[in-house]
Amino acid sequence: MAALTDKSLLSAELEEDRDEDEEFQRLLLQATQKIQSTMPSAPDSKPIRPQPGFCIKTHASPTEKVFVNVCRSPHIPPPPDLTPQELECLIESDSASAFRIPMSLGEPHAELDKSGNGCTAYDVVINTGFFNKLEANLLFKEFFITVALEGLAEKYSTNINHPEWLVLKNRKFMGSISEQTVRTKSQPVIQEMDLDKAGETQETPMELSHAQSFSVVPKFTIRAEPPEGHPNFLRAEIHLPQVASALELSLELGEDRIVLEGGQVPYLLDIYIPHRIKPERSRAQFHRGTKVLTVTMPIQLVPGAPMLLP
């Protein structure tokens, strides 16, 4: 004989199961949000449509023509604003490599020259204001072209003949100029630490990119490792005695730039560094005891340079 079931008890049991399921979903959502909050966000980027500027003709070999379309866009940050006299002094010194010019180097694309022969073209995008400065000053223009050709040769392992180039008078670009996607910022997650960190740092003088009259520039040191030869990475240690937590800080890294701000003081550090780093692989840790933010930045390899292990 089948047993009778008390429907009120069954209803209570079903209600309990429903409550447990809702509690489970709530805990699952809470755990998911915590995990996502600790994951580094994807670097912000946006597409840009560069405007034509001028075209450079050079060679990668005696028979291989190369054209470089120098384009302009307000979405590319400008380099430090040097006077012609300051740039001339910098070029004559041993610190010319410390002057970094933000630029977007596009992928090579095959084109046909005016004779119908195959050639290779590259698009290089720089800040619109800096482009206007190049057009008004031959020294800045020649310096930029040298830096741009060296950057293309390094990035794409080409044998561009740097000394032999020519700015075309009647052509602003070769082929077509494509839309480019540029990274607007990269924000590595800042981890908080309690353990002591060993190791001495050697202070490296850097130039601030702009006046910071309404903020406090924190003390900082930058160390290249290994210290001899081409380094594998840079380690910056930034002293922030008035910061209690990493949540107060905002850190942005470009290929050759560090921008840090935050705290109640407030702190602001905006510097260019004399190496091209890998922002997406960089890491940052804030030590709550010593109030020091450590930023470890892998350096992009120079073609042909040996990899030195620490």
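A salt bridge is a side-chain nitrogen of Lys or Arg within 4 Å of a carboxyl oxygen of Asp or Glu. The model on screen is predicted, and a search of the whole structure finds six salt bridges.

**Stop 1: Lys65 and Asp113**

Select Lys65 and Asp113. Their closest N and O atoms are 3.1 Å apart, and the two residues form a salt bridge. Lys65 sits in strand S3 (residues 64-73), while Asp113 is in the loop between strand S5 (109-112) and strand S6 (118-127), so the pair ties together parts that are 48 residues apart in sequence. Lys65 counts as partly exposed, at 24% relative accessibility. Asp113 is buried, with a relative accessible area of 8%.

**Stop 2: Arg235 and Glu225**

Next, select Arg235 and Glu225. This salt bridge has its closest N and O atoms 2.7 Å apart. Arg235 belongs to strand S11 (residues 233-239) and Glu225 to strand S10 (residues 220-225), so the bridge ties together parts that are ten residues apart in sequence. Are these two residues buried or exposed? Both Arg235 and Glu225 are buried.

Arg223, Glu225 and Arg235 are linked in a network of salt bridges.

**Stop 3: Arg276 and Glu255**

Move to Arg276 and Glu255, whose side chains meet in a salt bridge (2.9 Å, N to O). Both ends are in loops: Arg276 in the one between strand S14 (267-272) and strand S15 (283-287), Glu255 in the one between strand S12 (249-253) and strand S13 (257-262). The pair links distant parts of the chain, 21 residues apart. Arg276 is buried, with a relative accessible area of 17%. Glu255 counts as partly exposed, at 33% relative accessibility.

**Stop 4: the cysteines**

A disulfide is a covalent bond between the sulfur atoms of two cysteines. How many disulfides does a search of the whole structure find? The search finds zero.

The cut-off for a disulfide is 2.5 Å between the sulfur atoms.

Finish with the surface on. Cys71 counts as buried, at 0% relative accessibility. Cys119 also counts as buried, at 7%.

Technical notes
Residues are numbered from 1 along each chain as its sequence is written. This is a predicted model: local features need pLDDT of at least 70, side-chain atom pairs count only at pLDDT 80 or more; totals for chains, interfaces and linings use all residues. Side-chain values use heavy atoms; hydrogens and water are left out. Buried means under 20% relative accessible area, exposed over 50%, partly exposed in between (1.4 Å probe, protein chains only). Helices (H or I, at least four residues) and strands (E, at least two) are DSSP runs, numbered from the N terminus.
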